[in-house]
Amino acid sequence: MSENPTCHTEVDGLRVTWRLVQHHVIAIVAVHNASDASPVASFCPSGYPDLARARELLPELTKLWDAVRREFWTQLIPPRLVSGGRALT
């Protein structure tokens with residue numbers, strides 16, 4: 001992964017913008033409605049919450065936080081492929 005990439009994850013009409021920072025920490029930048037980009041939550045660059053803190057601040061977005069976690073791990077450790085191009089499970 002490149003250094004501090006900005007990522008986006010979308011679930012149930014919400015889109016979260018997040019970044020990877022030091023030592024593979026997920027920093028949540030903002031959450032918007034996917035349809036019209038209206039803000040749901042945004043954070044100051046000096047105080048981006050990590051994923052655990054975001055779960056505490058906005059527990060109603062559990063499905064979104066779970067999706068971010070899955071995407072993070074998929075990027076960090078891509079599934080191994082076996083012959084035929086199928087991922088090992």
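Aromatic pairs, then: a search of the whole structure turns up one. A pair here means rings of Phe, Tyr or Trp, with the six-membered ring used for Trp, whose centres lie within 6.5 Å; planes under 30 degrees apart count as stacked, over 60 as edge-to-face, and the rest as tilted. The partners are F72 and W73, edge-to-face, at 5.0 Å centre to centre and 75° between the planes.

This is a predicted model, so local features need pLDDT of at least 70 and side-chain atom pairs count only at pLDDT 80 or more, while totals for chains, interfaces and linings use all residues. Residues are numbered from 1 along each chain as its sequence is written, and side-chain values use heavy atoms, with hydrogens and water left out.

Back to the pair. Is F72 buried or exposed? F72 counts as buried because its relative accessibility is 5%, and buried means under 20% relative accessible area, exposed over 50%, partly exposed in between, with a 1.4 Å probe and protein chains only. W73 has a relative accessible area of 43%, so W73 is partly exposed.

Next, the overall layout. The protein chain has two helices and four strands, in the order β-β-β-β-α-α along the sequence. These are DSSP runs, numbered from the N terminus: helices are H or I with at least four residues, strands are E with at least two. Of the chain's 89 residues, 29% count as buried.

Now the core. The largest nonpolar core has 19 residues; such a core is a set of buried Ala, Val, Leu, Ile, Met, Phe, Trp, Tyr and Cys residues joined through side-chain atoms within 4.5 Å. Residues with the most contacts inside this core include V16, W18, I28 and W65. At least two core residues come from each of β1 (6–11), β2 (14–21), β3, α1 (51–57) and α2 (62–76). The largest share, five residues, is supplied by α2. In soluble globular proteins, nonpolar side chains tend to be buried together.

Leaving aside neighbours within four places in sequence, W65 is in contact (heavy atoms within 4.5 Å) with V16, I28, V31, L51, A54, R55 and L58.

Last, N33, which sits in strand β3, residues 25–33. N33 is partly exposed because its relative accessible area is 27%. Beyond its neighbours within four places in sequence, N33 contacts G13, L14, S38 and V40.
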